[in-house]
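Subject: Structure for your review

Dear colleague,

Please find below the structure that I am handing over to you. My notes on it follow directly after.

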Amino acid sequence: GDAALEQGDTALARAALTKMSPGTGFPFLRFSLLLYEPNYAEADRFSLALWRARQDPLGVQTFAVLSAMAARAEGDLEKMRSYLLAARVAYEPVLPQQDPGVLSQLGLIDATLGRKGDSLRESQKAVELRPISRDAVEGPEYATRLAQVYLLTGDYERAMEQLLSVVKIANGP
């Protein structure tokens, strides 16, 4: 399924997904397929159902961000904002732990919400806590997100510098 989507073949991806799981399994693949088809309204309904059904912080953290992506694709920025705020609230209890994954994700959320100072602090702290030199898997991911935050906050020069620093690294963008 993922390989078919990477090649832009939504029909093959849907056929593979149906064979793998006729129900609601593989939620990220199902969501991606709906976005690629494009069926934004159904992607929104699907992701919203996932996080509302779970009613746990991890479900909201994970799937509310997907709902925000679908709402943005639909052009409903107010709905996108409400989903991102729900995700942010779900992250707040674990924020004091200073987990780089949480900080990195919050950095993107806050940048999209227009919270420039918070987003930069969170994203930079994530990169500081998990540098590429210490973690070749997650380090490039957080460094790439930092580039996205720079872009979203209007610092295009720093975004390009950050992106150039990770573009040729394994597990980079």
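Is helix α7 largely enclosed by the rest of the structure or largely exposed? Of its 13 residues, 12 are buried, so α7 is largely enclosed by the rest of the structure. Buried means under 20% relative accessible area, exposed over 50%, and partly exposed in between, with a 1.4 Å probe and protein chains only.

Before the details, a word on conventions. This is a predicted model, in which local features need pLDDT of at least 70 and side-chain atom pairs count only at pLDDT 80 or more, whereas totals for chains, interfaces and linings use all residues. Residues are numbered from 1 along each chain as its sequence is written, and side-chain values use heavy atoms, with hydrogens and water left out. Here pLDDT is the predictor's confidence in each residue, from 0 to 100. The chain has an average pLDDT of 90, and 99% of the residues score at least 70. Among the elements, α8 has the highest mean pLDDT (97), while helix α1 (residues 2–6) has the lowest (80). Helices are DSSP runs (H or I, at least four residues), as are strands (E, at least two), and they are numbered from the N terminus.

Helix α7 and its surroundings

Helix α7 covers residues 100–112 and reaches 18 Å from its first C-alpha to its last, close to the 18 Å expected at 1.5 Å a residue. That expected span is 1.5 Å times one less than the number of residues. The buried residues of α7 include Pro 100, Leu 103, Ser 104 and Asp 110. Among the elements that cover them are α5 (57–74), α6 (77–91), α8 (116–129) and α9 (138–152).

Ser 104, within α7, counts as buried at 1% relative accessibility. Contact means heavy atoms within 4.5 Å. Leaving aside neighbours within four places in sequence, Ser 104 is in contact with Glu 122, Ser 123, Ala 126, Tyr 142 and Arg 145.

At the start of the helix, a side-chain oxygen of Asp 99 comes to within 2.9 Å of the backbone nitrogen of Gly 101. After α7 comes Gly 114, which has a positive phi near 85 degrees.

Leu 129 belongs to helix α8 and is partly exposed, with a relative accessible area of 25%. Not counting residues up to four places away in sequence, Leu 129 touches Gln 98, Pro 100, Leu 103 and Arg 134.

Aromatic pairs

How many aromatic pairs does a search of the whole structure find? The search finds 2. Rings of Phe, Tyr and Trp (its six-membered ring) pair if their centres lie within 6.5 Å; planes under 30 degrees apart count as stacked, over 60 as edge-to-face and the rest as tilted.

Phe 28 and Phe 63 form a stacked pair, at 5.6 Å centre to centre and with 25 degrees between the planes. Phe 28 lies in helix α3 (residues 27–36) and Phe 63 in helix α5, so this pair ties together parts that are 35 residues apart in sequence. Phe 28 counts as partly exposed at 45% relative accessibility, whereas Phe 63 counts as buried at 6%.

The ring centres of Trp 51 and Tyr 83 are 5.9 Å apart and the planes stand at 85 degrees, so this pair is edge-to-face. Trp 51 lies in helix α4 (residues 40–54) and Tyr 83 in helix α6, so the pair ties together parts that are 32 residues apart in sequence. Both Trp 51 and Tyr 83 are buried.

Arg 52 lies over the face of Trp 51, at 5.4 Å from the ring centre. The criterion for a charge over a ring is NZ of Lys or CZ of Arg within 6 Å of the ring centre and within 35 degrees of the ring normal.

Ser 67, in helix α5, counts as buried at 0% relative accessibility. Not counting residues up to four places away in sequence, Ser 67 touches Asp 44, Ser 47, Leu 48, Trp 51 and Tyr 83.

Backbone points to check

Most residues other than glycine have a negative phi, and most peptide bonds are trans. A cis peptide bond joins Glu 37 and Pro 38, with omega about -20 degrees; Pro 38 is in the loop between α3 and α4. Gln 98 is not a glycine, yet has a positive phi of about 55 degrees. Gln 98 is placed in the loop between α6 and α7 and counts as partly exposed at 35% relative accessibility.

Yours sincerely

Technical notes. Polar contact = N/O pair within 3.5 Å; in protein donor to acceptor, adjacent residues only side chain to side chain.
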